[in-house]
Structures are given as C-alpha cells and as structure tokens.
2 protein chains.
Amino acid sequence: MEFFEVLRARRSCRKFKDTPIPGEVLTRVLEGANLAPSPMNRQPWEFVMVRNREFKERIFESCQRAKTMAFERSGWKWLGPYKVDFLLEAPVLVGIVGDPSRTGADRFFEGRSEGYQYACAAAVQNLLLAATDAGLGSLWFSLFDRKDLEAILGIDEGKELLSLVCLGYCDDQTPRTTRKDVNEKVTNIES
Amino acid sequence: MEFFEVLRARRSCRKFKDTPIPGEVLTRVLEGANLAPSPMNRQPWEFVMVRNREFKERIFESCQRAKTMAFERSGWKWLGPYKVDFLLEAPVLVGIVGDPSRTGADRFFEGRSEGYQYACAAAVQNLLLAATDAGLGSLWFSLFDRKDLEAILGIDEGKELLSLVCLGYCDDQTPRTTRKDVNEKVTNIES
C-alpha cells in the first residue's frame, strides 16, 4: 500500500476473526517494528508472541481484574460494560518488552531515562502500520497490570512489559476515530 | 512511496541543506503525525515549529550545555567531539509537547501514566515516516534539558516537551544503521 493510505487506514480493531495469521505475514510485521529508530541504535525492544490458549486466558483474566479496578478508581461509566474479549479472540497477542539498560544519553538528565520507552513505542507504531499494510487489524491495549502480566509471561528481571498489542484479521465495523484539525495543535515560532 | 520502502528509507540525518521546507510539505508531515493512535483518542500531542534563528541559537546553546553535562557524567568518549550544529542548520525544529491530563486509564495503575507519552512517541514516529515519504531528512534528538527548553519555547505550565525533531532536506551521506535479526528479539508462546 501507499504510505499515507496505510497511515489513514490504521485504526483500533476490537473484534477479530479466528483466521490464523500466516507465519510470513507475522515475520514481516515484526521486521517493520524492528526498523524503528532508537537512541544510539540500541534497539531496546523484544517481542513475546502469545498464541497459546491457556496464556491468553490468564492474560484475559488479569486484564478483566485490571479493568474492574480502573472502573472503580475512575468512576468512568463506559468502563463498566467494556469487554476485553478481543484478548481471547485475537489469534496473536504481542507483548512489547523494553530493556531500560538500552537507553541513550537521556539517562543523564533528571526525570528522563525514557529513551528506551519512546523507542519501544515507535516500534509499536511501526508494528501497527506494518500490520495495516499486511491487511491485519490491531489494537494497542493499555488497560493492564504490568507486574501481573510480566509474571504470566515470564519477563526477565530488569526488563519491562511496556505495551500489549492484539493482532488478527478484523471483524469490527466501527469506523475509525476522527482527529482535531492539526492546525489547532500547532504553534509557530517564525523567522 | 510504498509503505515498506518508507520504513526502510527512514534514517537519522545529522546534516541539513538550508533549502526551506514548503508549507504544504510541512502540513502534510504534521497531518501524518496527527493520525497516530492515543488512549481514548485523547490526541495528547501539540507541535511547536521553530524557524526563528534566535530561538534556534538559544536551543543550540542549551543543547551544547546538555551535551557537555552528559559527556562529563557518562565519560562516553564519542560525546566530547559530537557536534549538535544540525540544531542551527535544520530549517525547522519541531518540539513535540505532551499533555499529561490527556492520558488514558493507564493513570490508575501504579508506576504507569505513560499513555500520553507513548501516544506522542507514536506521533513522532508517524512524523519521521511522513517526512521520509515527503523526501525530507529528520532527526529524533534526545540530548536536551527539558526544563531549559520548555522555558525557551514558553511551554504552558502542566504540559511537557517530550521530544525534539530536526527537519530539512538531508545533506548527510552516513549510511542507515543496521538492525539485529528480528528473530533474536522474539520469544514464542505457541499453542
């Protein structure tokens, strides 16, 4: 697909078909993620690919609890009936794991050390776009308890589960979200 | 350009021509950034576009000091002679500003509240890719003192300067960096 067509076609999918994703398609999506930039090219990302039903169920149950907790703390009414069944339905869940030791010079500035996290977020964005280009639906899901999922996935001590992405062929007709006019988001300091 | 061609062509440029960037090209790049995903579609990003010479000089001087400090703290030899002249040469510097109040349910989890930052990083990645698609070079620069640049740019209280990007036509022949084979970065939890 043409680049801007991919940018415009990407949207969050919350209902997936059970059609499996061919191995070569997944590999291409991961190769896309791996092309992200990172401070000093330290490539601080790793990918945990979950296809196992039992693991998906444990992730689903953990995220159900996380959702209930967020609902109680927030009082946001929409969170009550919000379903996270896509965690069971998506043929593949991808955990994006960051290595804080692979950050850049940002570590020397107070309140920073976020370089590895931003690089991992860029890798996620590449992954979502590469999935779109490959005809896949995706969801960047953030309603999780990090420590809980790290224990379930057996993430190495010192590394961090930063993001969770659902991947599969989309069966969701919800239209893509709109955006504010970008001009409302821009301040110009002209010459 | 074709999507994967853009992914592969994107690289960090550290030397820019003084050719100005046409307004419609910049607008297209910002529209690309604006298509990033965000928790609850809160679109927590804003863009400060710096074209003014005096502001570039103040940013350059601040980043020179930041570089010297990072050199002293790190002892990294390459940082001593590292030049940040691209901050003066690039026709446009883009400050990406995040609004912490526009984050998602991540705020209810201990040690999180990073949703708006990841969304802004995704917007930066879209911006870099859209720049590549438009024939522009770019650099995601992270060697800065946040509070110092926030004061220079007059960022609103409560908002945060998360990233700084240099944009312009590239005059740098350095080849793009390589990547580890993505298979070394993947763990499979199969069914």
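Which residue in strand 4 of chain B is the bridge partner of Trp140(B)? In this predicted model, local features need pLDDT of at least 70 and side-chain atom pairs count only at pLDDT 80 or more, while totals for chains, interfaces and linings use all residues. Residues are numbered from 1 along each chain as its sequence is written, and chains are lettered from A and ligands numbered from 1 in the order in which they are written.

The partner of Trp140(B) is Val165(B). Strand 3 and strand 4 (residues 160-168) of chain B pair in the antiparallel sense over five bridges, where pairing requires that DSSP finds at least two bridges between two strands; helices (H or I, at least four residues) and strands (E, at least two) are DSSP runs numbered from the N terminus.

These strands belong to an open, mixed sheet of five strands in the order 5(A)-1(B)-2(B)-4(B)-3(B). Its edges are strand 5 (186-189) of chain A and strand 3 (137-141) of chain B, each pairing on one side only.

| Helix of chain B | Strands touched | Angle of directions |
|---|---|---|
| Helix 3 (residues 53-74) | strand 5 of chain A; strand 1 (45-50) and strand 2 (92-98) of chain B | about 110 degrees with strand 1 of chain B |
| Helix 6 (residues 146-153) | strand 1, strand 2 and strand 4 of chain B | about 75 degrees with strand 4 of chain B |

Elsewhere in chain B, helix 2 (residues 23-33) and helix 5 (residues 115-133) pack at an angle of about 145 degrees, with their axes 7 Å apart.

Conventions
Two residues are in contact if their C-beta atoms, placed from the backbone, lie within 7 Å. Axes are lines fitted to C-alpha atoms, for helices over the stretch in contact, and angles run from 0 to 180 degrees between N-to-C directions.
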